Amino acid sequence: MTVNNKEFERYIGRNQISDRLNELAGQIDMDYAGKSLVMLAVLNGAFIFAGDLIRLLEVDAEVSFVKLKSYRGTASTGEVQTLIGLMHELKDREVLIVEDIIDTGRTMSKLLEMVWEQSPASVKVCTLLVKPDVFKNKYQLDYVGFSIPDKFVVGYGLDYDELGRQLPDIYKIKD
Ligand SMILES: O=P(O)(O)OC[C@H]1O[C@H](OP(=O)(O)OP(=O)(O)O)[C@H](O)[C@@H]1O
Ligand SMILES: Nc1nc2[nH]cnc2c(=O)[nH]1
């Protein structure tokens, strides 16, 4: 499979993603039983994951978005830009941040600071993917779909220079 002239191979299939989402939704429903949450999804990459996950939840869930950007091509720029900031009243709310991937952890670190400034009742992080060799457990991740090696991935919302987001499976770059 080619995206923008780079070769990728299938890595996590749609059925595996779907099974894992059901498990994550079950855990979230249990943890937030009797409460309502605000799902804060990080654009662009998390739009598909957040859309699929929210439809599996039984607890009351509002949805809100921020748009942050740090990647260019297949590498982090080291700088996290806020393209759309927080729009939702988060004071005293139970906030569940939803990301497609945590790599260096810089994007999430910046977002956690932005969210805690709003005095929410609680903040938890749900990410579909994490690269533990890069992230090195810098802070707590409450819900993780899959831990993956330090390889660039696309599909299921994740892009390579904006292409590949529409792929239903997740692909990793060929060595
Ligand atoms: O842990 P980090 O090293 O900060 O990387 C993770 C971030 O990188 C990706 O976003 P990207 O900057 O590619 O923007 P996009 O979501 O619009 O594709 C991804 O969606 C995360 O937000
Ligand atoms: N598409 C994509 N975006 C990322 N952002 C941080 N890591 C990655 C990755 O492996 N793939």
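This is a predicted model: local features need pLDDT of at least 70, side-chain atom pairs count only at pLDDT 80 or more; totals for chains, interfaces and linings use all residues.

Residues are numbered from 1 along each chain as its sequence is written, and chains are lettered from A and ligands numbered from 1 in the order in which they are written.

**Stop 1: the sheet.** Select β1, β2, β10 and β9: in that order, these four strands form an open, antiparallel sheet. (Strands are DSSP E runs of at least two residues, and helices are H or I runs of at least four, numbered from the N terminus; two strands pair if DSSP finds at least two bridges between them.) β1 (2-3) and β9 (153-154) are the edges, each with a single partner strand, so one side of each has no neighbour in the sheet. Now zoom in on β1: two bridges join it to β2 (residues 6-12), and Thr2 sits opposite Glu7 in β2.

**Stop 2: the annotated stretch.** Select residues 16-160, which an unreviewed UniProt entry annotates as "domain: Phosphoribosyltransferase"; such annotations may be inferred rather than shown by experiment, and positions follow the numbering used here, with feature names shortened. This stretch is 27% helix and 39% strand, with its end C-alpha atoms 22 Å apart.

**Stop 3: ligand 1.** Which residues are closest to ligand 1? Select Gly45, Tyr71, Asp103, Thr104 and Thr107, out of 18 that surround ligand 1 (near means a C-beta atom, placed from the backbone, within 6 Å). β4 (60-72), β6 (94-102) and α3 (106-116) each supply at least two shell residues.

**Stop 4: ligand 2.** Its surroundings include Tyr71, Phe152 and Asp159.
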